[in-house]
Amino acid sequence: MKNLYINTRFFFSLIGVGMVYVLAFFFPFLMWVAHIMLLICFLAVMVDYLLMFNQKNAVLAQRILPEKLSNGDENFVKIDIKNNYSFTVSTRIIDEIPFQFQKRDFLIKKNIESGKNTYFQYSLEPKERGEYSFGNLNVYASSPLGFVSRRFNFQKDAMLPSYPSFVHLRKYELMALQSEFMLGGIKKIRKLGHTMEFEQIKEYVPGDDIRTINWKATSKTSRLMVNQFQDEKSQRIFILIDKGRTMKMPFNGLSLLDYSINAAMALSHIILKKGDRAGMMTFSKKTENKIAAENKSGQLKKISEALYNIKTDFFESDFNRLYQDVKYSLNQRSLILLFTNFETLDGLNRQLKYLRGIAKNHLLVVVFFKNSELQTLIHKNPESMQEIYDEIVAEKFEFEKKLIIQELRKYGIYTVYTLPENLNIDVINKYLEIKARGIL
């Protein structure tokens, strides 16, 4: 009986019968009508109960989950339900989705014909890494009479991990192969000179750069021969992620730390596809989650696991400790992309000597963030004194960010200053630009 539920139709019927009983006080002939209606109501409930509970496995349902969730992206959960009753049933599906989504009004209604399946899906967008536990998949089925419902439970306690964003890796790879990224237009990377490795000597064909003609090979074969080059590979690219206090700020439900983790995942994929060596490290009070820069098979999975396991209490970051660890663990010149955030010039100046120390031996790119909330204030037409004041304050903070960029450039430190939602594309574009210009 624990799976038996009385529907509202039954209670409305009782209300109707009760009203007839009330009228019977004034019109006695209605008493027999009320008795008959009450009897029919209870008989209908009994018949409905027998219809719904006369067979096992009358409704079968299956929740089809992905292998893992992609953090910050839409992930689709599929539901397949089959009706084994000899009549059409009305179903109400309530899936007990993980508590992290705080969605308490989940309800999907479907009518399923006898012997037929219905198949649908819904989307979930996780905002943090970790484990997501699903409860029961509950299906409440009702017959055409609609007086009672029978509950069916399926697939209790399914668990999915939420990994750094991976669903768009293929899209970024295709974009990187063309060396262009769509962001308010097409930004093409201009290659300067021959910052590439020699590959082979081949016969000249119209369109080849005449500056690459190999005159020795031409004299030996009596045919024009040219040198062919390929992009320099096996360069060391290291990703440093600040998991300190400044990375706790959320935008669209996702912290700056998780935006950086998702970007590191996408960037690592492109680095390995380009034949370079990808490595990573995180830091706050100390350095953790270290992955040596390699391009072996399985390196992306190793980086993905390290990114997934990042834990932090958002303490103040120790750049001195970072400088010491980089100095002793990275012996060869590398491209270092540092994901952090500076809100004020004073905040930068406190750490600048350590950044300059890293930039002496490596090519350093500091990645930090625009405040999208401030951007809306700057581009808003103020209509009151309060809005004018807000716009002035927002412009002051934006100007300070530009001073930070100028200060870093003064010491040969490159920057990526971007909105959190554009981080993936902008940071990959910067990596491709550095490779194309051959400045590593």
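**Entry 1**

I began with β2 and strand β4 (residues 75-83), which pair in the antiparallel sense over six bridges. The model I am reading is predicted.

I then looked for the rest of this sheet. It is open, has three strands in the order β2-β4-β7, and its pairing is antiparallel. Ignoring direction, I find neighbouring strands here turned by 15 degrees against each other on average.

Next I went to strand β5 (residues 89-95). I asked which of its residues lie on the covered face. They are V89, T91, I93 and D95, while S90, R92 and I94 make up the uncovered face.

I followed the pairing of β5 to two strands. With strand β6 (residues 108-112), β5 pairs in the antiparallel sense over five bridges. T91, from the covered face, has K110 as its bridge partner in β6. Strand β9 (residues 137-142) also runs antiparallel to β5, and six bridges join the two. Here I noted I94, from the uncovered face, with N138 as its bridge partner in β9.

In the loop between β5 and β6 I stopped at Q102. Its phi is near 50 degrees, a positive value in a residue other than glycine. I checked its accessibility: Q102 is at 52% relative accessibility and counts as exposed, because the cut-off is over 50%.

**Entry 1: the six-stranded sheet**

I moved on to an open sheet of six strands with mixed pairing, in the order β20-β19-β16-β21-β22-β23. Its edge strands are β20 (287-294) and β23 (414-418), each pairing on one side only. Neighbouring strands in this sheet are turned by 15 degrees against each other on average, direction ignored.

I looked at two of the pairings. Strand β16 (residues 236-242) and strand β21 (residues 335-339) run parallel and share five bridges. I241 has F339 as its bridge partner in β21. β19 and β20, by contrast, pair in the antiparallel sense over four bridges. A hairpin of three residues joins β19 to β20, and the bridge partner of A278 in β20 is E294.

**Entry 2: helices on the six-stranded sheet**

I asked which strands helix α5 (residues 256-273) lies across. I found β16, β19 (277-283), β20, β21 and β22 (363-369), with α5 running at about 170 degrees to β16. Helix α6 (residues 299-308) lies across β16, β19 and β20, and runs at about 170 degrees to β20.

**Entry 3: K243**

From β16 I followed the chain into the loop between β16 and β17 (250-251), where K243 lies. Is K243 buried or exposed? K243 is buried: its relative accessible area is 1%, and under 20% counts as buried.

I listed what K243 touches, leaving out residues up to four places away in sequence. The contacts are L257, T282, F283, S284, E288, N289, I310, K311, T312 and F314. D313 is 70 residues from K243 along the chain, and I noted 8.2 Å between their C-alpha atoms.

**Entry 4: N252**

I found N252 in the loop between β17 and β18 (254-255). Its phi is near 55 degrees, again positive in a residue other than glycine. N252 has a relative accessible area of 58% and is exposed.

**Entry 5: α8 and α10**

Last, I looked at a helix pair. Helix α8 (residues 345-361) and helix α10 (residues 385-410) pack at an angle of about 15 degrees, and their axes are 10 Å apart. That makes α8 roughly parallel to α10, because angles under 35 degrees count as roughly parallel. The crossing of α8 past α10 is right-handed.

I asked which residues meet in this contact. From α8 they are L345, D346, L348, N349, L352 and L355; from α10 they are E400, L403, I404, E407 and L408. By class I recorded seven nonpolar, one polar and three charged residues in the contact of α8 with α10.

Key: Residues are numbered from 1 along each chain as its sequence is written. This is a predicted model: local features need pLDDT of at least 70, side-chain atom pairs count only at pLDDT 80 or more; totals for chains, interfaces and linings use all residues. Side-chain values use heavy atoms; hydrogens and water are left out. Two strands pair if DSSP finds at least two bridges between them. Axes are lines fitted to C-alpha atoms, for helices over the stretch in contact, and angles run from 0 to 180 degrees between N-to-C directions. Contact means heavy atoms within 4.5 Å. Angles under 35 degrees count as roughly parallel, over 145 as roughly antiparallel, 65 to 115 as roughly perpendicular and the rest as oblique. A crossing is left-handed if the near helix is turned anticlockwise from the far one by less than a right angle, and right-handed if clockwise. Ala, Val, Leu, Ile, Met, Phe, Trp, Tyr, Cys and Pro count as nonpolar, Asp, Glu, Lys and Arg as charged, and the others, Gly among them, as polar. Buried means under 20% relative accessible area, exposed over 50%, partly exposed in between (1.4 Å probe, protein chains only).
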